[in-house]
Amino acid sequence: MLIDGKLVEGQAGTFTNINPATEEVIGEVSDASKADMHRAIDAARRAFDETDWSTNHKFRQKCLLQLQEALESEQEELREELILEVGCPRSITHGPQLDAPLEDALRYPAKLIDEYPWETSLGDAFVGVTGMNTTRKVWREAAGVVGAIVPWNFPFEVSLQKIGQALGTGCTMVLKPAPDTPFNATRLGRLIAEKTDIPPGVINIVTASDHLVGEELTLSPKVDLISFTGSTAVGRRIMEKGAATMKRLFLELGGKSATIVLEDADFMLGCMMGIAPCMHAGQGCANPTRLLLPKSRYDEGIEILTGVYQGVTPGDPQDPSTMCGPVINDKQRTRIRGYIEKGIEEGARLVVGGAEPPEGLDKGYYVRPTLFADVDNKMTIAQEEIFGPVLSVIPYEDEEDAIRIANDSPYGLAGNVMAGTVEHALAVARRIRSGFLGINGTVGYGADTPFGGYKASGIGRQNGTAGFDQYTEIKSVAYPAG
């Protein structure tokens, strides 16, 4: 682990890192105690309170670019590591799992340090209370110590986005990776210690098998802000536990996103969007796991989707042709199979897949890509986040009905609108209560694009200037004009 600038062992010993594709142990990692976590929190607090990290813009910029160079020097080693511990298909490491965030997650906030409005003038005004002409300004300052808690599905991507924006704004931080995927984080810690000038305590990386060790970040009064990506259930717990110390929160939580295929859309392309839950075995919070088809073309759409799902075979993530690898662990596999059984029990029509183990895969946490038709939006599989390769196809009467169904969800993270023209799709998109929408097959995700959700999908936004904002505090200043 990295605590206060030193690479250290954990007081709780070690825990194993398992390859979800083979169920084999790929190594051991330091296991932190609560005392280790508090040492990291104390280090981050000192680094914020007692150094010039939060105000030295050029130095922060230099350090972020040093880390960028260090990561690029071990990019291929990191790729192999991610495939092993995450079980992510090799093809996805060339996109959102590795190469895409590595391209801009640090470079963008490093550049933004120069461009961000750290000080804004409100002009001079006569203030009657004081009887003085007053100059008024607004300062943006670093929020303080950040507790960053990272999920296992896209661990490097999420870690790097949090590190780039938190350090870019001048915060210090403690990063807690998921126990299922610790190696990419400990690699980050080693590179920070060995190849950058980031001062001791500015970033600490604490690995632990016990989730309650991470909860110390939420409870500690020395931590100013929690930046969490993960499930809505855990997000609610963080809100509850953080209330006592009035924690600032960024919560990027679950989703049950819908793709609306309108009658005038490129219908084949619209139906092909239904393959999204198969990517990385459906382990993506923004995956559109509900596909809404017009009743007038419903049978046609189901026929297309049947062929698509019959052609997706779960397999070895090392194979460049694999789209659907394993899920992260046995608990998650059991959970997904339970949802599939629930869908059948509630009356959805199972078209492809099912809860039985995939043929020929005796080892690894694999789930069969599963297509449900005739789904009522009130069914459990249409309302709850499954986080597996399961698609629910829902028929709709007309455009108004499609919009109603898409919005009839506790979540509001992402979605897609497919229409005959961009203008038509945009008009519908304006009525969808989600934080991130793709139009006619496009995806706009990047370090400069705010990402987050409405409703139970979270609070705040990651990335863009909106993401930068949330790691800052606002200070209004007035002084005599002269």
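**Figure 1. Helix 2 and the elements around it in the predicted model.** Helix 2, which runs over residues 57-73, has 17 residues and reaches 25 Å from its first C-alpha to its last, close to the 24 Å expected at 1.5 Å a residue; the structure shown in this and the following views is a predicted model. The buried residues of helix 2 are R60, Q61, C63, L64, Q66, L67, Q68, A70 and L71, and the buried residues of this helix pack against helix 3 (75-86), helix 5 (99-104), helix 6 (107-115), helix 7 (155-169) and helix 8 (183-195).

Figure 2. Q68 is found in helix 2, and because its relative accessibility is 3%, Q68 counts as buried. When residues up to four places away in sequence are not counted, Q68 touches L102, L106 and R107.

Figure 3. With 43% relative accessibility, E76 counts as partly exposed. E76 and V202 are 126 residues apart in sequence, and their C-alpha atoms are 27 Å apart in space.

**Figure 4. Helix 1 and its packing partners.** Helix 1 covers residues 34-50, and at 1.5 Å a residue its 17 residues should span 24 Å, which agrees with the 24 Å between its end C-alpha atoms. The buried residues of helix 1 are D36, M37, A40, I41, A43, A44, R45, A47 and F48. The elements that the buried residues of helix 1 pack against are strand 1 (2-3), strand 6 (132-142), strand 7 (145-149), strand 8 (172-176), strand 9 (203-205) and helix 9 (211-219).

Figure 5. The UniProt annotation "active site", taken from an unreviewed entry, covers E252, which is found in strand 11 (residues 248-252). E252 has a relative accessibility of 5% and therefore counts as buried. Leaving aside its neighbours within four places in sequence, E252 is in contact with F228, T229, G230, C285, L413, F451, G452 and S457. One of these contacts, F451, also takes part in an aromatic pair with Y445.

**Figure 6. Aromatic pairs, with Y445 and F451 in detail.** A search of the whole structure finds 8 aromatic pairs. The rings of Y445 and F451 have their centres 5.3 Å apart and their planes at 85 degrees, so this pair is edge-to-face, an angle over 60 degrees being what that description requires. Y445 is partly exposed, with a relative accessible area of 32%, whereas F451, at 6% relative accessibility, counts as buried. Elsewhere, ring pairs link Y116, W118 and F468 into a cluster.

**Figure 7. The charged end of R297 over the ring of F267.** In this view, the charged end of R297 sits over the ring of F267, at 4.0 Å from the centre of that ring.

**Figure 8. N463 in a loop, and the residues it touches.** N463 is found in the loop between strand 21 (458-459) and helix 17 (464-470), and N463 is buried, with a relative accessible area of 0%. Not counting residues up to four places away in sequence, N463 touches Q161, Q165, Y445, G446, A447, T449 and P450. Among these contacts is Y445, the partly exposed partner of F451 in the edge-to-face pair.

**Figure 9. N416 in strand 18.** The place of N416 is in strand 18 (residues 414-418), and because N416 has 8% relative accessibility, N416 counts as buried. With residues up to four places away in sequence not counted, N416 touches A258, T259, I260, M273, P288, L437, G438 and T442. N416 and I198 are 218 residues apart in sequence and 40 Å apart in space, taken from C-alpha to C-alpha.

Figure 10. The chain is divided into domain 1, made up of 2-253 + 457-480, and domain 2, made up of 258-439. Taken over C-alpha atoms, the centres of domain 1 and domain 2 are separated by 32 Å, and 27 residues of domain 1 are in contact with 27 residues of domain 2.

Technical notes
Residues are numbered from 1 along each chain as its sequence is written. This is a predicted model: local features need pLDDT of at least 70, side-chain atom pairs count only at pLDDT 80 or more; totals for chains, interfaces and linings use all residues. Side-chain values use heavy atoms; hydrogens and water are left out. Rings of Phe, Tyr and Trp (its six-membered ring) pair if their centres lie within 6.5 Å; planes under 30 degrees apart count as stacked, over 60 as edge-to-face and the rest as tilted. Buried means under 20% relative accessible area, exposed over 50%, partly exposed in between (1.4 Å probe, protein chains only). A charge sits over a ring if NZ of Lys or CZ of Arg is within 6 Å of the ring centre and within 35 degrees of the ring normal. Helices (H or I, at least four residues) and strands (E, at least two) are DSSP runs, numbered from the N terminus. The expected span of a helix is 1.5 Å times one less than its number of residues. Contact means heavy atoms within 4.5 Å. UniProt positions are given in the numbering used here, feature names are shortened, and annotations may be inferred rather than shown by experiment. Domain bounds come from an automatic or database domain assignment.
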